[in-house]
Amino acid sequence: MSFAEVQQEVFLVSCQNCHQSQGVFTFENYETVSASLALINRRVFVFGDMPPRGLAEEPKALLKAWMDQGGPP
Ligand code: HEC
């Protein structure tokens with residue numbers, strides 16, 4: 001699993017528009033996302049408050065699998 005895949009299937013669909021419009025960090029490149037992995041893990045999987053309306057099972061499982069691999073490029 002690659003960043004490009006997770007970016008297409010999860011970040012660009014479920015996170016990017018809102019973050020861009022709210023001026024929060026964006027998901028446009030690997031470096032930014034990579035630097036935010038711990039935060040993403042906390043908000044999506046520990047607190048479960050990102051995205052605010054929740055993430056569907058399929059993208060959530062995909063994101064989890066990628067994060068479990070350490071978030072490779
Ligand atoms: C409806 C708008 C919206 C969506 C959709 C959304 N976010 Fe957010 N996100 C925010 C806002 C606003 C903040 C800043 C306020 C806060 O931290 O709660 C934020 C903050 C965060 C932070 C903390 C950033 C920091 O520097 O502390 C993370 C991590 C995050 N979002 C991840 C995600 C991920 C991953 C997704 C998609 C799966 C996502 N968000 C989808 C609005 C959104």
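**View 1. The loop that holds Pro-51.** Pro-51 lies in the loop between α4 and α5, where helices are DSSP runs (H or I, at least four residues) numbered from the N terminus. The peptide bond that leads from Met-50 to Pro-51 is cis, with omega near -10 degrees. This is a predicted model, in which local features need pLDDT of at least 70 and side-chain atom pairs count only at pLDDT 80 or more, while totals for chains, interfaces and linings use all residues. Residues are numbered from 1 along each chain as its sequence is written, and side-chain values use heavy atoms, with hydrogens and water left out.

**View 2. The iron atom of the ligand and its protein donors.** His-19, through NE2, and Met-50, through SD, are the protein donors of the iron atom, lying 2.0 to 2.2 Å from it; donors are N, O and S atoms within 2.8 Å of the metal (3.2 Å for Na, K and Ca). Because His-19 lies in helix α2 and Met-50 in the loop between α4 and α5 (57-68), this pair ties together parts that are 31 residues apart in sequence.

**View 3. The shell around the ligand.** The ligand is surrounded by 15 residues, and the closest are Cys-15, Cys-18, His-19, Arg-43 and Met-50, a residue being counted if one of its heavy atoms lies within 4 Å. Helices α2 (16-22) and α4 (37-46) each supply at least two residues of this shell, and the largest share, 4 residues, comes from α4.

View 4. An N or O atom in the side chain of Arg-43 is 2.8 Å from an oxygen atom of the ligand.

Terms used: Polar contact = N/O pair within 3.5 Å; in protein donor to acceptor, adjacent residues only side chain to side chain.
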